[in-house]
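This report describes one protein model from its computed geometry. The sequence and the structure come next, followed by the text.

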Amino acid sequence: MPSNPCRPGSDTTAAPAAVFPSAAPNWRRLDYLAQGNERQRSAHALLSGGLWDELGPLCNDLALVSTIAIGLDRPGSDLDILCQHPDPAFLAATLAAQGWQVRSKGEQVWIAEQQRHGPDDQCWPVELYLTPDPLEMCHGWRHLSLMAVLLERFGAPFHREVLRLRFDEGLKGEAAMCRLLGLSGDPYEALLTLEGVNLAGLCCPSLPHPLDEQGHRPCPPPRRDSLTMMPRNS
């Protein structure tokens, strides 16, 4: 990622009052950002104020998969956008001609980067992930969807702890959640092991657990092989 020469010193997160589409998250949407916190509204102004319309005719499909979508961004966080195109190299060349910095990641995947100012003059680093694959198959979509579900499952205390780890220790969102959940190994792969799992049986060892309806604490975190499995999405 190139250095960010226009990152303002006053660029602070506004995680409280963050909003996200929690039921069957559809990251193609932007409308919910307009009802969110200060930075979500700022991102919405930039995206809906021209950038989305610029990218739309160039791509077959678009989705915002940045941590700002779930209120876990930090100062200087990118606006990460998945861009589906049958020929990513062609799209990369088109974007390069428009002033984007592009580089190949191999396997028909390209990255395009640019700094953008929104209508509120907030400067945002924008990173496009150019891929021929359906967006729902991309790790960015899958990770963000799982993180949104986990935030819904464990609520505000979990959200605060994830943010604390991101700010205090510089962890990525995936790594922070895996630490709190006790998932070992590569956090990007470990998080995906929760796909298709009934998360109602998942506990977070790092957080106090609320009393159940009978006034008892829930049982210790179950082993993964004891969790009820649900069919994966096709």
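What percentage of the 234 residues in the protein chain do buried residues make up? Buried residues make up 45% of them, where buried stands for under 20% relative accessible area, exposed for over 50% and partly exposed for in between, with a 1.4 Å probe and protein chains only. The model is predicted: local features need pLDDT of at least 70, side-chain atom pairs count only at pLDDT 80 or more, and totals for chains, interfaces and linings use all residues. Residues are numbered from 1 along each chain as its sequence is written, and side-chain values use heavy atoms, with hydrogens and water left out.

**Overall fold.** The protein chain has five helices and five strands, taken as DSSP runs (H or I of at least four residues for helices, E of at least two for strands) and numbered from the N terminus. From the N terminus on, their order is α-β-β-α-β-β-β-α-α-α. Of the contacts (heavy atoms within 4.5 Å) between residues at least 6 apart in sequence, 61% join residues at least 24 apart. The accessible surface comes to about 11,800 Å², and carbon and sulfur atoms hold 52% of that area; the areas come from the Shrake-Rupley method with a 1.4 Å probe, and for residues only the protein chains shown count as cover.

**Nonpolar core.** A nonpolar core is a set of buried Ala, Val, Leu, Ile, Met, Phe, Trp, Tyr and Cys residues joined through side-chain atoms within 4.5 Å. The largest one has 62 residues, and W27, I81, L128, L150 and F158 have the most contacts inside it. Elements giving two or more residues to this core include helix 1 (38-55), strand 5 (123-131) and helix 3 (139-169). Helix 3 gives the most, with 12 residues. Leaving aside residues up to four places away in sequence, W27 touches P21, Y32, A63, L64, V65, A69, I70, W141, L144, S145 and A148.

**Aromatic pair.** The structure holds one aromatic pair. Rings of Phe, Tyr and Trp (its six-membered ring) pair if their centres lie within 6.5 Å; planes under 30 degrees apart count as stacked, over 60 as edge-to-face and the rest as tilted. The ring centres of F154 and F158 are 5.2 Å apart and the planes are at 45°, so this pair is tilted. Both residues lie in helix 3, four residues apart, about one turn of the helix. An α-helix has 3.6 residues a turn, so residues three or four places apart point the same way.

| Residue | Relative accessible area |
|---|---|
| F154 | 15% |
| F158 | 0% |
| R39 | 5% |

**R39.** R39 lies in helix 1. A polar atom of the R39 side chain lies 3.2 Å from the backbone oxygen of R74.

**Helix 4.** Eight of the nine residues of helix 4 are buried, so this helix is largely enclosed by the rest of the structure. Among the buried ones are G173, M177, C178 and L181. The buried residues of helix 4 pack against helix 3 and helix 5. Just after helix 4, G182 has a positive phi of about 75°.

Strand 3 (residues 101-106) and strand 4 (residues 109-117) run antiparallel and are joined by five bridges; two strands pair if DSSP finds at least two bridges between them. Q101 has E113 in strand 4 as its bridge partner. Two residues separate the strands of this hairpin, and E107 in the turn has a positive phi of about 55°.

How values were computed
Polar contact = N/O pair within 3.5 Å; in protein donor to acceptor, adjacent residues only side chain to side chain.
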